[in-house]
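Hello,

Here is the structure I said I would pass on. My notes follow below it.

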Amino acid sequence: MSYLLRRVGFYLFTAWAALTLNFFIPRLIPGDPVKSLISRYQGQLSTDAINSLYVLFGIDTHDSLWDQYVDYWKQLLHGDLGLSFTAFPAPVSEVILDALPWTLALVGVTTLVSFALGTGLGVLAGWRRGSWVDGLLPATTFLSSVPYFWLGLVAIALLAGPGSFFPSSGGYEPGLVPAPDTIFLGSAVRHSLLPAATILISSMSGWILSMRNMMVTVAAEDYITVAHAKGLPERRVALNYAARNALLPNVAGFALSLGFIVGGTLLVEIVFSYPGLGFLLFRAVQAKDYPLMQGIFLVITLSVLVANLLADVAYLALDPRTRKEG
Amino acid sequence: MAIPTSSIEQVIPKQGAMAQPAAPRRRRWRFLANGKATTGLAVVVGYVLLAVIGPWIAPYDPDARSGELLQPPSTQHWFGTTHLGQDVFSQVLVGTRGVMLVGLLAGVVATVLSVLVGVTAGYLGGLPDDGLSALSNVFLVIPALPLIIIVTSTITEAGDLVVALVIGFTSWAWGARVLRAQTLSLRRRDYVEAARATGESTWRIIGFEILPNLTAIIASGFVGTVIFAVMSEITLAFIGISSVSPWNWGTILFWAQSQQALAQGAWWWFVPAGLAIALLGTALALINFGIDEFVSPRLRSGGRARIRTADGRTVRMRVGFTPVLAPPATVPAPRTKETTDE
Amino acid sequence: MSEPVLEIRGLCVDYGLGDDAVHAVRDVDLTLHRGEVLGLAGESGSGKSTLAYGLTRLLPPTGVVSGGQVVYHPTDGPPVDVLTLSPAQLRAFRWAETSIVFQGAMNSLNPVHRISTQLLDVIKAHEPKSTAAGRQARARELLRLVGISADRLDSYPHQLSGGMRQRVMIAMALALEPQLVIMDEPTTALDVVMQRQILGQLAELRQRLGFAVLFITHDLSLLVEFSDRIAIMYGGRIVEQAPAAELYRRALHPYTEGLLHSFPALRGPRRELTGIPGSPPDLRAMPEGCAFHPRCPDAFGPCDKELPPLGPPGDDHPGRAVACWLHPTAAPAPH
């Protein structure tokens, strides 16, 4: 229990750090691009909207840094992330909420599947050393070095295009209205196949390699010899004794690699014009839509923190040694 | 994007790293005997060479336009041309320099930072350790790429140097964590305790007793960071955040993407750049495998898995079932109680 | 003499293959009788653990058994050569007939499973018809046998002390009531008090259940007290075998003599402590002739030329065997 409390405390601290970072970054931008953009839209903005933007970006204020900081926090806790310039006059929070489910679905599903598949194959490769599975390793090494987005480009070039089953871009058939019906969902799924496959292939190799290494290391441990000496069936030794222990560093590593995975997914979204947070960030950066950029960074960071917390809970469940009191 | 796969880097909290302290000097060269490592090293050296001489041996100026627009590979243009008639091969060659520079510089910056933070935290312990650990954990958890994107986008002209520094300053945390764990475990070893007991100064202890034993991990961390740095800078160039004037492979892909190379079927525009990245990444990963196997002997390939016995049977080396080589003899009749033993 | 339960004949175990092979166990003959305690002593690297793992075929990957027979005599049924068993047969044989108490229970218990699971899964594997309730009862009984209270059943290994873990290993080894229990340095990692306790418990269990023990250790003084017969290993070979009391009273092989003088005895009159100069031989570069001769205070003529065969010494000593030119054997042990 104390382990979990410490982790939660840590995540709260990191969240605070991320938000503070978010506070400082726009104040480092040379020039005053935000101010000029505000003056352009001035007639159409309500005073509240202008104020919230001022608070977020520290414009035109004679308040001390500390006061700005306090105002910033007050505003954030109200969920007000300002207005987006590119999606004007939609508030940033709304724009993000539109894109979030797409990324969650894509990242969530592919990450879990790739971890499960990669770990499974890694167990096979590590347990039956010297078998055919070892031949896969050079291929997987190569695949894990290929940038996600390049793989996406190749996939589009080879598999997508007019007349093929796989659409080359977008999240769903243009013209369809997002609604929880089979037509829309079917189209959404079809559009997510290539992006998902791209992420899957590239990230799975990492898991296979690390799991294999751990299995090989664990296979030399004493308790495996004992398990064999006990005459237990092969499957039990491989799974309950070896894999169960080899899994632990992988789960710990999984939490830490979420940051990388998110990065890779962003790129795939860009390549496929998939309407998730990554694509949104891409367009925001190109248009210098600072409020949107800030908001997306915040949301991404907070999601990664939550995911990390979940992974820590999983680790707690798997490794009884972490439940040691005190 | 490669997820860190080195087993050295799998650190379970409270259990320290899995690597063992360094071998005596002559064993270090055995690292080079590892096939994977030497292949990787050779490829990387090749890339460094190209980085140095690339601009000189490139057949064309990468910016030079010509009349041959979007031509597939030919004898004049080995990798074909872009929409402006520029030679893709030259672009790839010249781009090597930018990529290697940024990768290596970012690697150095991140490694230096990780050594400073990690070893200090591990050696000093107590409050400095808590503070530094909190700092590295924060940087570890915050997703690197979005952070890099945001920071770089606020800088107007993000050239190679800036990009390298930004990447270096955001990716040191992983290495710091591993080094801290290993320093913690080394600190408790006998020879370090002995050095402290005889009053050796802290700097000498760190420099002579601890650092040499960390070389494998530092090397592995450096290689990993270079991989990450190369990927990140290519990504930044591809998205169009870093400035487009210095050539690197990401820039090539940026132009390929924005000019709809795919739609026009100009595969030669983006395939070479991607393959270049993949090859470099693979080579660096191989070096890391070599380091891994050197440090954890269990991972070394155990030689032949199948053996032929004297009577022609094939047996396999298998964990838990030791093979028997001799042909089986018949079991003699059980001894009765009257027979004397021995 | 009771009937034999295990007969090892000419066992050879190597690490590696071909010319690079290291011969860790060379041509070992050993016989264990029912209910007997046979102690196996020797320095580190003498091959005693390799012998134990080799005869149950549990060596780590580069190990191979390159020759010999390991004949096991079950209480019911014909004798069987363990080395010829198929993996499935070997699995059935393991633990039910022969179990092992491993050295250093630190790492011998699976850290992510409870004690109860580890005690029971072996019962489940060998007796698929057993019921869950029956197995639970068995687990409690096993813990009671070694003096651990039943409420520890649900603990994880890291929650137990070193001594308790070792006792759990012993309990686990007895789960299927095997005929032979191999103990590889079971008390080395424990303090002396705990050592005493565990040995006492073992003696009691043996009285009750009647299994044979192959007790492997480098501590000869323990063996002198605890075992019926003792075999000494050096450089991968057996160099002396004798009933325990006789060995203690009069060791024939200079190496045994050296060993006896290296440890203070737990009881009895004081002995002068010396040691054995030099270090164990490198198995890859064994000396010519007798492997011990470079360190032997009594080495003479034939010692560095020919390997002395193991057999009963010239004079009339029934039940003893020694491989030394000082006591040349008239009739080498039957192969």
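**Helix packing in chain B**

In this predicted model, α5(B) passes α6(B) in a right-handed crossing. A crossing is left-handed if the near helix is turned anticlockwise from the far one by less than a right angle, and right-handed if clockwise. Helices here are DSSP runs (H or I, at least four residues), strands are runs of E of at least two, and both are numbered from the N terminus. α5 of chain B covers residues 144–154 and α6 of chain B covers residues 160–170; their axes come within 10 Å and cross at roughly 140°. Axes are lines fitted to C-alpha atoms, for helices over the stretch in contact, with angles from 0 to 180 degrees between N-to-C directions.

On the α5(B) side the contact uses B:A144, B:L147, B:I148, B:V151 and B:T152, and on the α6(B) side B:V163, B:V166, B:I167 and B:T170. Contact means that the C-beta atoms of two residues, placed from the backbone, lie within 7 Å. Seven of these residues are nonpolar, two are polar and none is charged. Nonpolar covers Ala, Val, Leu, Ile, Met, Phe, Trp, Tyr, Cys and Pro; charged covers Asp, Glu, Lys and Arg; the others, Gly among them, are polar.

**Chain B against chain A**

The contact between these chains takes 47 residues from chain B and 61 residues from chain A. On the chain B side, α4 (126–141), α5, α9 (202–239) and α11 (267–295) each supply at least two residues. That side has 32 nonpolar, 14 polar and one charged residues.

**Chains A and C**

Chain A has twelve helices and zero strands. Of its 326 residues, 47% are buried, that is, 20 or more other C-beta atoms lie within 10 Å of the residue's own, with C-beta atoms placed from the backbone. In chain A, 73% of the contacts with a separation of 6 or more join residues 24 or more positions apart.

Chain C has nine helices and eleven strands.

**Conventions**

Residues are numbered from 1 along each chain as its sequence is written, with chains lettered from A and ligands numbered from 1 in the order in which they are written. As this is a predicted model, local features need pLDDT of at least 70 and side-chain atom pairs count only at pLDDT 80 or more, while totals for chains, interfaces and linings use all residues.

Regards

Note on methods. A residue is buried if 20 or more other C-beta atoms lie within 10 Å of its own, exposed if 12 or fewer, and partly exposed in between; C-beta atoms are placed from the backbone.
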